[in-house]
Amino acid sequence: MTTQSPEKFDFGKVDKIMEECGADKSHLIAILQNVQKEFTYLPIDVMTYIGTKIEGLSPATVYGVATFYAQFSLEPKGKYQIKCCDGTACHVRGSMPVMNAIKAKLKFAEGKMRTEDGMFSLETVSCLGACGLAPVMVINEKVYPQMTSDAVKIVLDEIIAQEGGK
Amino acid sequence: MNIDIKKEQDKAQELIKAQGFRVLVCSGTGCMANGSAEIIKKFAELGANVSTLSDYDKLTVVPTGCHGFCEQGVLVVLPDQHTTYVKVKLADVEEIFNSHIVGGKPVERLLYTDPKTNEHVQKNDDINFYAKQTRTALANCGKINAESLDEAISVGAYEALYNILNENNPDAVIQEVLDSGLKGRGGAGFPTGLKWKFTAANKGGKSYVVCNGDEGDPGAFMDRSVMEGDPHKLLEGMAIAAFSIGADEGYIYVRAEYPLAIKRLRKAIAAAEERHYLGKNIMGTDFSFTLHIKEGAGAFVCGEESALIASIEGERGMPRPKPPFPANKGLFGRPTLINNVETLANIPVIMRKGAKWFASMGTESAKGTKTFALTGEVNNTGLIEVPMGTTLREIIFDIGGGIRGGKKFKAVQIGGPSGGCLTEEHLDLPMDYESLAKAGAMVGSGGLVVMAEDTCMVEVARFFMNFTKNESCGKCVPCREGTKNMLKILEKIVKGKGELKDLEVLEDLANTVKDGSLCGLGKTAPNPVLSTLKYFKDEYIAHIVDKKCPAGVCTALKTIKIKEDLCKGCTKCARTCPVGAIEGEVKKVHTINQAKCIKCEACLKGCPFHAIVQE
Ligand SMILES: Cc1cc2nc3c(=O)[nH]c(=O)nc-3n(C[C@H](O)[C@H](O)[C@H](O)COP(=O)(O)O)c2cc1C
Ligand code: SF4
Ligand code: SF4
Ligand code: SF4
Ligand code: FES
Ligand code: FES
C-alpha cells in the first residue's frame, strides 16, 4: 500500500470524471481508468472519495477492484510510461534482453519501477497485439517495433536528450 | 423499412469509383508503428498534383486495417494495378508515385521476395503467405477504409441484416446458424447456433448480447484485426444476434491494450447509428439495438465469460460458478448471449452466402475457416485465415515459408497458455477441435507459436506457468497454490537445481489443478507442462541429470569461457563486462570469474578474436 501522499488532489476533476462516466457502480472501472489517466495512478484519497460518493460502493470495494486489475497502479507512474511486452511472441523473439537493457539504462532503485526523477516508469504487459513485430515496446502511446537491447538504448537516449539530458 | 440496401450499395460503389486512383496504405497497429501515417501524408501530397495522373482525375489514399502481414509492413497496395508493396518506408513513396502511379512501371525492389525462389512477387494472391489462405472473417481487412461506413457498405455490410429484418423471422436465422455448423472461435468451440437457441428460449424480458473482445492469449491478435480493420462486420453480426435472441442492448468488451480498436469501434458505432444501421428503429423497423463499449483493465481471466460479465458490472473480474449459464442468467441477472469477435464476424457472411456454403469448408466436425496468429521462428509471421482441417505443415511451411535462418523445426505451441505443444509427428494432423484435443493441444483462440531447435521447451513451460500463476484470480485454492508450486518447480529445473522426483510432483500437481479448478484458466493451466513432459521429457532430464540446457537457453546452465589459445589480451572484454567479472593484464590471457559472471554474453559478442565461447 502506498503511503498517504501530502499532495492535495483536485476533487473537482474527480467529480467531473464521475459525472461523465455516470456515477454508478457499474461504471467503476471506467471511472478508475479516467482517474488514472488524469493522475497517472490511483491515489488512496481519491479511491476513498469515490467509494463514499457512489451509492452501493465502499472504499474497500473500490480498493478491491483497483488491486484486482493489472492496469491500475497505486503508485505514481513516470512522465514516460514504458510498457515492455513479454507476451509469447515477444518472449520467444527476445523480450528479456530488451527488458534487461531498459533496467540497466534507467537504474531503478531496488524494488521500484519508476526512476527517482519521475521521468520513466516501466511495466511488463502480455501482448499489445503487434506480435508480428515482436519484440514490441510502447512508450506512452507510441509503439516501437522489433526492439533490440541496442535499439532501446537509442530510443531512451533520444528521450533523455529531449528532456534536457540527465 | 426506410432504406433500400441495394441503392445504398450502388451509392457507396459510386463513391469509391469517384476516388480515382486508389492507394491502400495499411494502418493497423503494426504498420502504424512502422510509420504509415507519414506515408499516407506523403502520398496525399504527391497525389494532389492531379495533372500527372493520366488515366485518373484524382488520387485517394485509403487507410486500411491490418493485412495480417505486419512483419512486412508498411504494406502499400495498388488494387487496380494488382500490386502489393512491402516494407515501404517514407523515402520510397516518391519512387512508387513517379515510377508506378505516374509512369506505369512497378518498383521491383519493393515487391515481396519469395524466400524459396528468391524471386519478386507482384500480385497479392501469388505471395506464398496469402496463396493458401481463405479469408472469411478477415475478408475485408486491408481492402477497405476501416473508418468509412460507405466503404464497408460497398463490400456488403448490413446487407444481411437488411434481408433478415425484411423477412422478420428470428427462428429462421438461428436455424441457418445451426446449419452452418459454426462453432465458437473464442476457445471452447461450443456450437454457436445452439447457444443462440438456448438464449432465445428466454425471450420476453430484457436480454443482452455481449461480444468478447478481451483476446487475452498473449501472442494472438485476430480479434484486434477484425475490430480495427472491419468493425462494421462485427457490429452487423451483433445486431443479427440481438435480433435473433430478442435483445435490444449490447456490450463489446475490448482489452485496454487495444486503443486503436477501441477508437475505430467507437467511430463505427457512431456512424452506423447516424444512418440507422444501429440504435433506435434500425432501418425504419421496430427493431432497436444500442451498443456500448467497455474497456478491460488488464486481467486475462476476464476473457472467461462469467468473469467478463462481472467486470462489465464494475466488479472484480472473478469467474462465477455455472450454472446458471449466461443464457439463463447473465449480465445484470438477465439472459445474455456471449460470443467471441471472430464468431460474430462470421455471421454476416454466413447469412449472405448461406449455411451450405460455410459448411462446405472444413472437416466433418469443424466447419468454415479459422484465423490463426502465426508467430515465432517462421519466415512469414502474421495473421492468417484457412479452412478448418488445414495441416500444420501447410501453415508453417507453405504459408509461413518455413523456419527462419534455415533452423530446424522443433515444436509449435497452439492455443496459448491453455494449449499444448505439438511436434514433428503432428505436422500432418488436420487442424480441428477433435484431432488437436486428441494430441493434447487445442485450437483455442488460434495462437500458433513456432519454435525451432534453439528454443528450450522447459523454459517455454516455465514461461506459460508464470503467466497463468500471475493471472490466476485466486478464488480457488488448487489453481492459486497449484500454479504457484508448479512454477517454483519449473524455476528450480531451469536453474539446474531440479531433482528427478520433481517430475512426478509436477505431474501430480498438474492433475490436481486440472480437476480442482472452477474455471477454464485453472482447468487448462497445466496443459503446457503436460504436453512438454509428454513430448520433451528428455529435455527435462537433461536439465535435471546432466545439468545442461540442450538448446543453450537457460542462463544458469551456461558457462562463458575464454579460450586461452585464442585470447590476445586486448582487454576489450574486461572493459565491456558490466559486472567486472573479467580479469587479466594487457597482452596476457584473460579469465572469467565464474562466481561473478551473469552470462550476459556482452564480452562474447565483442571479442575481436572470437576467443570467448559459450559452453
Ligand atoms: C481463462 C479464460 C480466458 C478466456 N479468454 C477469452 C478471450 O480472450 N476471448 C474470447 O473470446 N473467449 C475467451 N474465453 C472463452 C469464453 O469464456 C467464452 O467461451 C467465449 O467468449 C464464448 O464465445 P464463443 O462461443 O463465440 O467462442 C476464455 C476462457 C477462459 C477460461
Ligand atoms: S480456476 Fe483459477 S482463475 Fe479460475 S476461478 Fe479458480 S482461481 Fe480463479
Ligand atoms: S576481448 Fe578477446 S582477445 Fe581481448 S582480452 Fe578479451 S578474450 Fe582476450
Ligand atoms: S558474460 Fe557478461 S558477465 Fe559474464 S564475463 Fe562476459 S560480460 Fe561479464
Ligand atoms: S506478444 Fe508481444 S505484442 Fe503480442
Ligand atoms: S498492421 Fe499492417 S499488416 Fe498488420
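Reader: Is Asp286(B) buried or exposed?

Author: Buried means under 20% relative accessible area, exposed over 50%, and partly exposed in between, with a 1.4 Å probe and protein chains only. Asp286(B) counts as exposed because its relative accessibility is 76%. Bear in mind that this is a predicted model, where local features need pLDDT of at least 70, side-chain atom pairs count only at pLDDT 80 or more, and totals for chains, interfaces and linings use all residues. As for conventions, residues are numbered from 1 along each chain as its sequence is written, chains are lettered from A and ligands numbered from 1 in the order in which they are written, and side-chain values use heavy atoms, with hydrogens and water left out.

Reader: Where is Asp286(B) found?

Author: Helices (H or I, at least four residues) and strands (E, at least two) are DSSP runs, numbered from the N terminus. Asp286(B) is in the loop between α12 (259-274) and β9 (290-295) of chain B.

Reader: Which residues come nearest to ligand 1?

Author: A residue is near a molecule if one of its heavy atoms lies within 4 Å of it. There are 18 residues around ligand 1, and Gly186(B), Lys195(B), Asn339(B), Asn340(B) and Thr343(B) come nearest. β10(B) gives the most to this shell, three residues.

Reader: What about polar contacts with the ligand?

Author: A polar contact is a pair of N or O atoms within 3.5 Å; within protein, one must be able to donate a hydrogen and the other to accept it, and residues adjacent in sequence count only if both atoms are side-chain atoms. For ligand 1, a backbone N or O atom of Gly216(B) sits 3.0 Å from one of its oxygen atoms, and a backbone N or O atom of Glu305(B) is likewise 3.0 Å from an oxygen atom of the ligand.

Reader: How should I read phi and the peptide bonds?

Author: Most residues other than glycine have a negative phi, and most peptide bonds are trans. Phe332(B) has a positive phi, near 50 degrees. Phe332(B) lies in the loop between α13 and β10 of chain B, and counts as partly exposed because its relative accessibility is 36%.

Reader: Which residues does a cis peptide bond join in chain B?

Author: Lys322(B) and Pro323(B), with omega about -5 degrees. Pro323(B) is in the loop between α13 (305-312) and β10 of chain B.
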